[in-house]
Amino acid sequence: MPPSRTDQRGVLSGLGDEDNAITVLHVDDEVDFLEMTADVLEQRNTDFSIISKTSPDEGLDRLYEENIDCILSDYQMPGTGGLEFLEMVREEYPELPFILFTGKGSEEVASEAISAGVTDYLQKGSGTDQFTVLANRIENTVQQYRAKRRLQENQRRFQTLLDNLPGMAYRCGSERGWPMLFVSEGCTTLTGYDPSDLVGGDVSYGEDIIHPDDQERVWTAVQDAVQTRDPFRIEYRIQTADGETKWIWERGRGVFENDEVIALEGVITDVTERKASQSQLEYQTSLLEAQMETTIDGLLVVDENRNVVSYNDQFVKMWGIPDEVIDQASDETLLEWIVDTKIANPDVFPSRELHEAPEEARRGEVRLADGRAFEWYSAPVVGDGGTNYGRLWMFRDITKQKQRETELERQDALFRRVQAIADIGVWEYDPQTESLNWSDGIRQIHDVDDGFDPTLDRAIEFYHPDDRDEIRAVVNRAIEQGEPYDRELRIVRPDGAVRDVRARGDVSTDETGETTLLRGVFQDITDRKQRERELRQFEAAVEQAAHAIYITDIDGKIQYVNPSFEEITGYAADEVFGDTPAILSSGEYDESFYADLWETVLSGEDWEHEMVDERKDGQRIILDQTIAPIETDDGTIEGFVAINRDITERKEQQEQLQIYEYACTSAFSGIAIASLSGELRSVNPAFCEMWGYEDSTDVLGRSVTEFWNDPEAAAEVVTTIRETGHWEGELCAVQQDGSTFTAYCSASYVENEAGEPIALMSSFVDITGRKEREQQLKQVNEELEVLNRVVRHDIRNDMAIILGWAELLEDHVDAAGADNLDKILTSGEHIVELTEIARDYVETVTGGETVELKPTPLRSVLHTELTLRQESYPDAEIEAVGSIPDVEVQANQMLSSVFRNLLNNAVQHNDKDNPVIEVMADEHADSVEVRVVDNGPGIPESSRTSIFGKGERSLESGGTGIGLYLVEMIVEQYGGDVTVDNLDTEGAAFTVRLPKAS
């Protein structure tokens, strides 16, 4: 037996878009129709290959032998019908496109076909125009099927990617416990639980995995973010299946549908190691700050632009620098002031020279005008990659040391370097004796006790394996060539801890130039290096923040803005630098408002307020703004930082809610809100009027079931709502005076953000008049049932064959016969059109006991008919002018027949070579008007009444055709009307007024 169709489709799934060949299996019991269909379709699309079979059994046999892309089948055939054929095909090929192409057309057939799983349904039409539609449907269906196969493959690849994602991806409900709808395979590594444990509900992520002390904090943070529709990022602890506590970082966002959150999606990553490093960093930072403030050295750190980054109190105290100088935060200003006012020998203090040589390190001594002596040391701060981050200045009062210099020369040489780097640690090595001496500070850095005996080899072994070759090389050059060195490297302590250090060596030589002694300083710079990394991370975080952030100086002039500021305000950074935030002012605040702002921030407190500002383009924005002062260590305010969150959309939603409340009060429908137990809490004026009450005082507090005529039915409705959350249908209502009326009710629960029902909301429409009209139409439906036998399968099918063969004769008749052939085609198409109109008429008035009207989307119905008419009349220009309102009208499925007949009439009765038909719609308070305008000959004044077949309202009335009569009849059933007028230039305009759905 040949391979199954499923295997064959696997071959087609690999085809690219460039392969356009389409093989169609057509099954119909009429041979002539099969031949004509194959000829027409293959003419319409040269990529088509039509295989024709006269029975479903033959079609199944051929299906096993060929790579079929689409099946085209008739509905009524001897023996096995089209739907039975579909059922046999679906057993083996569940996704293969299957189009039902039949002469029997009705809503019942269409519904039955769709329920059976048919891919598309198309009624055989007049002539070959319908085959153009059929060819498009076949091509689109096959393309969609192939695209679906490609989508499935992409989804498989996405799942593979998701399974290999670090950490855990998830989708869960937005409620306590975080019930998981999906988790990736990373769940097991992260939590120790199998994904099925969480998705199946055996393990609750929110209650069993999130640490108990963090559960409420996580819930609050996520809900706050969901409420504002912002992504959420949060760190918290979890407890794994084996009891281990981990720190994790979660990033996610809400998934919304119809303004309600339906789920949460995100990624969870293990950050336990990073948290441990962060705690160590905080400890080291505190230690470094304490060392900086307790040292006797004056320390000054500046960046590459000579801006002051940091200094200690000793620096200010030993130089006596006034506040107005230090507040300028400028290295240049500080050092010039020192040179001009303090130093007795300014020529030996090269502050400007070192600025011009940023990579050079230098030390020296200066004498002060007051007799003191300072030692200074200045060196560049260079990163691992060679980046220059600025310069370090160290100052120490060496007045007393200078007095003892002679007798303490050796000790002074050793400790002077200790002073230069804040007394961290010093060493001394004698190449002749190979003896190495370490100070206590160096022993502490290496974490060894006083009994440790250092040697040069043992000291080098402390360095990180990747740094040993470098330190060994610089030490050898110092010994052999007298070359000093200064390096930032790493050491590894005995406990395995890695520390960043700065190692410096100086050389002493004898009169022959031979190295006699190496002396150096050793500094643990781990904290500094970590703070530099933290600073880079902080700057990156600010740059990537979703809120607008800007920094001003003490005068309020902007010095920095992040990218989100530019995006939210529309101003580029260079447009606001040096300006004040007043550039965003909308003019809505007076001077007292800004006075209060300045008073708050200048006092050192944070200021928070919602402000209405303007973007660069003048667009109004609302910002939730926080302004905080930036203070120095001594509490001096040196600037301000502002964080602005754009809440324009949220404020607009609040305003929209007020509009909704007003709309509810003004609505024509009765609206009632009840508690979960059924007691009325709120009703609108329309509800009181509908039940005959003057106001709500006699209504509130009563049970909703008291207003129904049938208590048992009311109890069933309440039960349905409690089980499903919704109910809609007709009910018999009792007014205050005891009279009854029929109302259509729609009731459902109102839920809170957690998805819990908090109230019951119902809307009511009085449909008593409509029910009476439906009863009156019942008798008319019975009288017109006979017309249903006219529109049958044989008439339409035979006419399709006649017109198909006739159109194929166009290239085979001479000029004399062409006119006759055209008359045949025109008359045949008119016959088919009459059968369509008659069918629509019969289905309109005999489709059921009553004409059921329901809210019907105007835009989709009108767009569908415009598309079909454009396909049927390719020589005419048929288009919508302006936007079609997205509203629902009180109608039913026959609304499409109204527009089809009006558009057909506009084309068929047009005397222009290029018919132009324009459709436009206007929405009013209670109705919608649709105008169909053509450029034809217009309608004579005497015919504007009879054109709709007024009078006896039958097929024999004086109208020009049953189509327009059907239009008026259907529109009147909807409670609307249709009129016709001539235009001032040329052509006619048909106007259909339809009532809007309540």
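This is a predicted model: local features need pLDDT of at least 70, side-chain atom pairs count only at pLDDT 80 or more; totals for chains, interfaces and linings use all residues.
Residues are numbered from 1 along each chain as its sequence is written, and side-chain values use heavy atoms, with hydrogens and water left out.

Q: Are helices H3 and H4 roughly parallel or roughly antiparallel?
A: Helices (H or I, at least four residues) and strands (E, at least two) are DSSP runs, numbered from the N terminus. The axes of H3 (residues 56-65) and H4 (residues 82-92) come within 10 Å and cross at roughly 20 degrees, where axes are lines fitted to C-alpha atoms, for helices over the stretch in contact, and angles run from 0 to 180 degrees between N-to-C directions. Angles under 35 degrees count as roughly parallel, over 145 as roughly antiparallel, 65 to 115 as roughly perpendicular and the rest as oblique. The crossing angle therefore makes H3, relative to H4, roughly parallel.

Q: At what angle do the axes of helix H31 and helix H32 cross?
A: H31 covers residues 858-872 and H32 covers residues 895-908, and their axes come within 9 Å. The two helices are oblique to one another, because the angle at which their axes cross is roughly 40 degrees.

Q: What is the phi of Arg 229, a residue that is not a glycine?
A: Most residues other than glycine have a negative phi. Arg 229 sits in the loop between helix H10 (215-227) and strand S8 (232-239), and its relative accessible area of 32% makes it partly exposed (buried means under 20% relative accessible area, exposed over 50%, partly exposed in between, with a 1.4 Å probe and protein chains only). Its phi is positive, at about 60 degrees.

Q: In which loop does Ala 329 lie?
A: Ala 329, a residue other than glycine, also has a positive phi, near 55 degrees, and is partly exposed with a relative accessible area of 27%. Its place is in the loop between helix H13 (323-326) and helix H14 (331-341).

Q: Which residue forms a salt bridge with Arg 645?
A: The closest N and O atoms of this pair are 3.0 Å apart. Arg 645 lies in strand S25 (residues 637-646) and its partner in strand S24 (residues 620-631), so the pair ties together parts that are 21 residues apart in sequence. Arg 645 is partly exposed at 21% relative accessibility, and its partner, partly exposed at 23%, is Asp 624.

Q: How far apart in space are Ser 669 and Met 690?
A: Ser 669 is placed in the loop between helix H25 (648-666) and strand S26 (670-674), and at 17% relative accessibility it counts as buried. Ser 669 and Met 690 are 21 residues apart in sequence, whereas their C-alpha to C-alpha separation in space is 8.7 Å.

Note on methods. A salt bridge is a side-chain nitrogen of Lys or Arg within 4 Å of a carboxyl oxygen of Asp or Glu.
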